Amino acid sequence: IVSEFDREHGKDVVAVDSEEKVQKLASYGVRAVTVSEELLSFVEQEKGSFEAIVEKHRQRPTQSHTRSSLVGHELRILERCETLVSNATDTRIVASVVDFPSDDTCGRLVSESGAIQVARKILCDLSETLATLVHEAAHKITGAGDGDLRHVACIEEIWKKIFVATSSEVA
């Protein structure tokens, strides 16, 4: 049944149950067609649910930026944050700068390569950039997902080391 769907519509086309979902996927550059609930259940079993497909594409960058294309303050903030996190983790943290299709995505760890990506839009905000790099570095170090206790503990440890390193008072 799914092979027939792929032949008729194309292998990269997603089956959905509403025009609203067709439009949502189109905003990520994904083609979709509305199908019956019966066909949808077969296609979803093989290709994944609408929600999983949206999540996958929501975090896929739409554009990459070179460091030379960054404005002065963007580059200074990024490099300062990379240095703070690298020193706190004893791991060289270097992020690539991208645009994400979703406004609520600030960064991600590319699991296949271990690369950290940050959204260009946050580079005007030191605290947001630092928080994002801390969060993504914790993923990189632990290999754990959001909410996992190892990930949370690593975030706390990184913040503690950054605080100690930048504190002007000695305890």
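1. **Ground rules.** This is a predicted model, so local features need pLDDT of at least 70 and side-chain atom pairs count only at pLDDT 80 or more, while totals for chains, interfaces and linings use all residues. Residues are numbered from 1 along each chain as its sequence is written, and side-chain values use heavy atoms, with hydrogens and water left out.

2. **The sheet.** Four strands form an open sheet in the order β3-β4-β6-β5, and the pairing is mixed. Strands here are DSSP runs of E with at least two residues, helices are runs of H or I with at least four, and both are numbered from the N terminus. Two strands count as paired if DSSP finds at least two bridges between them. β3 (63–65) and β5 sit at the edges with a single partner strand each, so one side of each has no neighbour in the sheet. On average, neighbouring strands are turned by 35° against each other, direction ignored.

3. β5 (residues 107–110) pairs with β6 (residues 115–119) in the antiparallel sense, over 4 bridges. Across the pair, L109 stands opposite I116, and R108 stands opposite Q117. The hairpin has 4 residues between the strands, and G114 takes a positive phi near 80°. As background, side chains in a regular strand alternate between the two faces of the sheet.

4. **The largest nonpolar core.** A nonpolar core is a set of buried Ala, Val, Leu, Ile, Met, Phe, Trp, Tyr and Cys residues joined through side-chain atoms within 4.5 Å. Buried means under 20% relative accessible area, exposed means over 50%, and partly exposed is in between (1.4 Å probe, protein chains only). The largest core has 24 residues, of which L78, V85, V118, L133, I158 and I162 touch the most other members. The elements giving two or more residues to this core are α5 (72–89), β4 (95–99), β6, α6 (126–142) and α7 (149–166). α5 gives the most, with 6 residues. In soluble globular proteins, nonpolar side chains tend to be buried together.

5. **I162, and a second core.** Not counting residues up to four places away in sequence, I162 touches L84, V85, A88, L130 and V134. Contact means heavy atoms within 4.5 Å. There is also a second, separate core of 10 residues, which includes L25, V30, F50 and V54.

6. **α6 against α7.** These helices pack at an angle of about 130°, with their axes 9 Å apart. Axes are lines fitted to C-alpha atoms, for helices over the stretch in contact, and angles run from 0 to 180 degrees between N-to-C directions. That makes α6 oblique to α7; under 35 degrees would be roughly parallel, over 145 roughly antiparallel, 65 to 115 roughly perpendicular, and the rest is oblique. The crossing of α6 and α7 is right-handed, a crossing being right-handed if the near helix is turned clockwise from the far one by less than a right angle, and left-handed if anticlockwise. Among the contact residues are L130, A131 and V134 of α6 and C154, I155, I158 and I162 of α7.

7. α5 and α6 pack at about 40°, with their axes 9 Å apart, so α5 is oblique to α6. This crossing is right-handed as well. The contact includes L78, C81, L84 and V85 of α5 and L126, L130, L133 and V134 of α6. With α7, α5 makes an angle of about 110°, with axes 9 Å apart, and the two are therefore roughly perpendicular. There, R80, L84, V85, A88 and T89 in α5 meet I158, K161, I162 and T166 in α7.

8. D6, in helix α1 (residues 2–9), is buried with a relative accessible area of 12%. Leaving aside neighbours within four places in sequence, D6 is in contact with K11 and K47. D90 lies in the loop between α5 and β4, is exposed at 72% relative accessible area, and has a positive phi of about 55° although it is not a glycine. K121, in the loop between β6 and α6, is partly exposed at 40%. Beyond its neighbours within four places in sequence, K121 is in contact with S102, D103, D104 and T105.
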